Each structure stands twice: as structure tokens, then as C-alpha cells.
Amino acid sequence: MILIKNGRVVDPVTKTDAVLDVLLDGNRIEEVGENLTADGAEVIDADGLVVAPGLVDAHVHFRDPGFTYKEDIESGAAAAARGGVTTVICMANTKPAVDSIETLSYIQEKGEKTGIHVLQTATVTNGMQGKELVDMDALASAGAAGFTDDGLPIMDEKILYDAMCKAAELDLPISLHEEDPLFIRQPGVNMGKVSKELDYGGASRTAEDVMVARDCALALDTGASVCIQHISSKNSVAYVKTAKELGADVHAEATPHHFTLTEDAVLKYGTNARMNPPLRTEEDRLAIIEGIKDGTIDMIVTDHAPHSKEEKEKPLDQAPSGITGLETSLALGIRSLVEPGYISLMKLMELMSKNPAEFYRMVPGSIEPGAPADLVIFSEHELWRVEHFASKAENSPFIGWELPGKIHFTICNGMIVYRGDR
């Protein structure tokens, strides 16, 4: 048993924001209340700390199988635990891609041996080639959490339309990477002032906008539950808002890097600020924050994309896109959204726990008797320096930053899977 004493319970499911004790017995929450006692329980003094449901990161790349020099399921799970994340949804662009039950089962079996919940998506098309659909029925029956060709856009409207129809029939989500290659001269950097300064072709926001507009229309037509992944363009935010108003079951993700940084970061951090879709303008960044405030964007995810130091040290036009994000996501949400007063801490927990769980057809975590004992305990205002990572990768523009939101404990299935210093 674990008895958490005097923590500020912030639970978006029960709408609780109060100082309470929480008693865990096995993998469930036994009791929530005041002045609780339990003989023999390990006691965690959470005075001054926040106790919240474990975070759910619905967009991570664990690189396993095929690219385990960047990350593997074990190291990815350790990074998640260090970031307060108790459930992850892994993307399917591994090698081989997750287009077969064999590969899906391999990841599921390895995930079960970690301390957290590792769920796996399947691809939409075989080999992520965009030409023919996977056996969505079989993969759904085998436990795929949803479908995505993340990393590549699905350019064939007929293929995507059929996929959305099948996903709707299966009541599983379909998540989409929205970048039309026609409008990308060179990936990873916004086509604008910085790309001009660097004499680098860049990627226009139009690459995202045309795909988002198309796919919102297809979602409205098919009734599919669709996620616009890692949204970066102010226009795309507007398209999603309109689609929701029209009745489409469309959702959108935002990453901490897209609501914290702009294209100027490329000048300072080089390849550690190269990502797909790219960091854009201050106008885009503020539009993303406004979309978070008004509910257009309903999930915060990391797009955790680990790469080796050697890869990221290549020239800008040769280095891979993406940053590691699991260990800094909560802190950046507090720094960039809560502390400036854009949203409340309760709203942040909704975006990082409740909403992504619901989108992927899970019962969201809560802090009430009978609920799973998946929790994060952190100090909202305590500063910590980004220096070391549990991930194999350190490709982050935030190295050296001092951030609020120090995590003290992550508990999953009633077990302490991360214990920070206090």
C-alpha cells in the first residue's frame, strides 16, 4: 500500500481541486479523503505538491523495432515515467512498419514488461506506401489502438476515404500527418524569414493547410474520429474549428515545442529545432494557444522523436527532423500555458491525460476509489534544469533551460516507476 498525504489533488475527470489524502492498495485507488491512515503503507508526504492522474502521451516514437540505437521500448518507457507519463500511444513508422499482427504483437509483448502502459497503433497502409490498406479488421482485433501513417501524408483520397469508413465502422481513431510534398522545398524549417536567411528552401504552411482542409471534409463525410497530428499552422487551427462547428468528429494535437518556440529557434538551436511540421511564426504559435484555450485543440502530445547525436550533428539539410519530448512536456505546458494565464492547471491535465485517453477509447484516469493507481506527483512551481535524459536521445532545444513543474513521483499500476529528488 502507498498513502499519499496532503497533496493537492487535481483531477479533470471528477473536477476535484482540493488538498486530500490518497490511499493506493495494489493497482487501484482504495480511498480518497482527509486524515487517512493505513498501517504498513509507504507514506509519501505530498504537502505542497500536485497529485494528478498519470499523463497520457498519445504520440510517441519508441523506434522499436528497427531503430533501437535511437530508442527502444524500455528506454522510451523510462523516459515516459520520468516525465510523469503512465500511458503512451506509439506511432507505427518502425522498421518493419506496424502493418502486421506479428510486429504489433512484438511491441505489445515488450511493452507489457515495462512499468507503464504501452499501446501501439497500426499503419493505415501497407508499408506506409499509401497504396493499399492494411487488414484493419485483423489489426483491430489484435489490439491496435488506432491507425496512422504518421511521418508520411496519405495523398490518395480514395485510400484515405476507405480507411476513414473502416475506422468509423471499427470505432477506432485515425490520426493523420498533414504535409503535402508539393509545398515543401526542404523539410523541417518554416518557409519564411529564417529559411531565407539560411538560404534553405523550407516548408510552407500551405503544405499543412491543404491537407487539413481536405481531411476535415472527409471526416465530416465519413463520421470517422480523426486526429490532426502536431498542428502547426494558424490556418489549420481555423479549419479544425470550422469542422468541429459543422459536426465533424475532428480532434487536434499540439506539441510543447509548437506552442513554446518559433522559427527563430532554428537560428539558435540548429538541427535540434528542425522538425516536421516545422516551427512557424509567432502568429502561428499564438493561434495554437488560442486553439488550446477554446477547445479546438484538445490534446497535448510530445511527438517524442529521438535521434542519435551523430545524426543531429549533420548539416541542417541532412539531419533528421524531430526532438525528444517526453521528459519536458509537463514542464513546458506549465511554463508556456499555465504560468502566463492562458489555461488553468486543471485544463492542462485535461489536455494531457483525460482527452487523449478518451480519443484512444480508454477510460480516462481519475483519482477516486476503484480507479487505476496511475498517478503523477509534481511541484507546479519548483524549478529544475534540463540536463540529463532517461531516453537514449538528447536531441532537445530545451537543454539548459530552467523549467517549473519538477516531477517527484510517477506511479503506475500502484508501483513507483519514477522517484525524483526532493
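Two aromatic pairs turn up when the whole structure is searched. A pair here means rings of Phe, Tyr and Trp (its six-membered ring) with centres within 6.5 Å; planes under 30 degrees apart count as stacked, over 60 as edge-to-face, and the rest as tilted. One of the two is phenylalanine 359 with tyrosine 360, an edge-to-face pair at 5.1 Å centre to centre, with 85° between the planes. Phenylalanine 398 and tryptophan 401 also pair edge-to-face, at 4.8 Å centre to centre and 85° between the planes.

Phenylalanine 359 and tyrosine 360 are both buried, and phenylalanine 398 and tryptophan 401 are buried as well. Buried means under 20% relative accessible area, exposed means over 50%, and partly exposed is in between (1.4 Å probe, protein chains only).

A word on where this comes from. The model is predicted, so local features need pLDDT of at least 70 and side-chain atom pairs count only at pLDDT 80 or more, while totals for chains, interfaces and linings use all residues. Residues are numbered from 1 along each chain as its sequence is written, and side-chain values use heavy atoms, with hydrogens and water left out.

Now the protein as a whole. Its secondary structure amounts to 13 helices and 18 strands; these are DSSP runs numbered from the N terminus, with helices being H or I of at least four residues and strands E of at least two. Along the principal axes, the C-alpha atoms fill a box of roughly 65 × 45 × 45 Å.

How much of the protein counts as buried? The figure is 62% of the 422 residues. Of the contacts with a separation of 6 or more, 75% are between residues 24 or more positions apart, where contact means heavy atoms within 4.5 Å. On charge, there are 38 positive and 67 negative side chains, and the centres of the two sets lie 5 Å apart. Lys and Arg count as positive and Asp and Glu as negative, with His and the chain ends not counted; the charge is placed at NZ of Lys, CZ of Arg, CG of Asp or CD of Glu.

Next, threonine 103. This residue lies in helix H2, residues 101-111, and counts as buried because its relative accessibility is 8%. Beyond its neighbours within four places in sequence, threonine 103 contacts Pro65, Thr94, Pro96, Ala97 and Val98.

Two of those prolines deserve a look at the backbone. Most peptide bonds are trans. The bond from aspartate 64 to proline 65 is cis, with omega near 15°, and proline 65 sits in the loop between strand S6 (55-60) and helix H1 (73-82). The bond from lysine 95 to proline 96 is also cis, with omega near 5°; proline 96 is in the loop between strand S7 (85-90) and H2.

Last, phi. Most residues other than glycine have a negative value. Asparagine 35 has a positive phi, near 55°, in the loop between strand S3 (28-33) and strand S4 (42-45). Asparagine 35 is exposed because its relative accessibility is 68%. Aspartate 171 also has a positive phi, near 55°, and is found in the loop between helix H4 (157-170) and strand S10 (174-176). With a relative accessible area of 46%, aspartate 171 is partly exposed.
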